[in-house]
Amino acid sequence: MAEHTVYTLSEVAQHKSKKDCWLVIDGRVLNLTKFLEEHPGGEEVLLESAGKDATKEFKDIGHSKAAQNLLLKYQVGVLQGYTLKKDADIQVASTDEPKNMKEMSAFVIKDDSMPKYAALVEFFVPLLVAGSYLSYRYLTTGSSMV
């Protein structure tokens, strides 16, 4: 692996504008200026963490493998005092993107622990209660008129 330029956190902190946005993730110093408009979460999210170590925020979101691969594409150096892990999962992303490359899509998997019959119960129980009430009202008002 080629040697990277070593930066201090104070050097990274000088790059926190929309025209010059750097941040640190896992000890990697990233220049995300060109990626701001492409970021699926919006550029504001990146600008909030610009000039800082954003490792915790990056991991809390749970980014995809494709997003983790982008770390290497935008890496300009390493943070002083960090030793980079050799990630077998991360592949070096090419800086020359093909013109016909499709956009990345994402979807959310809903972890629904409620059984399927519960939806039917939630629908029919109120319907049964309303029907019972209306039947009671109909039967009681009909007998008082006689």
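This is a predicted model: local features need pLDDT of at least 70, side-chain atom pairs count only at pLDDT 80 or more; totals for chains, interfaces and linings use all residues.
Leaving aside neighbours within four places in sequence, which residues is Ser 49 in contact with? Let's find out in the first view.

View 1. Residues are numbered from 1 along each chain as its sequence is written, and side-chain values use heavy atoms, with hydrogens and water left out. Beyond its neighbours within four places in sequence, Ser 49 is in contact with Leu 23, Ala 54 and Glu 57 (contact means heavy atoms within 4.5 Å). Ser 49 belongs to helix α2, residues 43-49. Helices (H or I, at least four residues) and strands (E, at least two) are DSSP runs, numbered from the N terminus. With 14% relative accessibility, Ser 49 counts as buried; buried means under 20% relative accessible area, exposed over 50%, and partly exposed in between, using a 1.4 Å probe and protein chains only.

**View 2. Asp 26 in its loop.** Look for Asp 26 in the loop between β3 (20-25) and β4 (28-31). Asp 26 is not a glycine, yet it has a positive phi of about 55°. Most residues other than glycine have a negative phi. Asp 26 is partly exposed, at 28% relative accessibility.

**View 3. Aromatic pairs.** Rings of Phe, Tyr and Trp (its six-membered ring) pair if their centres lie within 6.5 Å; planes under 30 degrees apart count as stacked, over 60 as edge-to-face and the rest as tilted. The count by this rule is three aromatic pairs. One of them joins Phe 35 and Tyr 74, with ring centres 5.4 Å apart and planes at 45°, so this pair is tilted. It links distant parts of the chain, 39 residues apart: Phe 35 sits in the loop between β4 and α2, and Tyr 74 in helix α4 (residues 65-74). Phe 35 is buried at 12%, and Tyr 74 is buried at 11%. Phe 123 and Phe 124 form an edge-to-face pair, 5.0 Å centre to centre with 80° between the planes. Phe 123 is exposed, with a relative accessible area of 51%, whereas Phe 124 is partly exposed at 45%.

**View 4. The five-stranded sheet.** Five strands make an open sheet with mixed pairing, in the order β1-β5-β4-β3-β2. Two strands pair if DSSP finds at least two bridges between them. At the edges are β1 (5-7) and β2 (16-17), each pairing on one side only. Strand β1 pairs with β5 (residues 75-79) in the parallel sense over three bridges, and Thr 5 stands opposite Gly 77 in β5.
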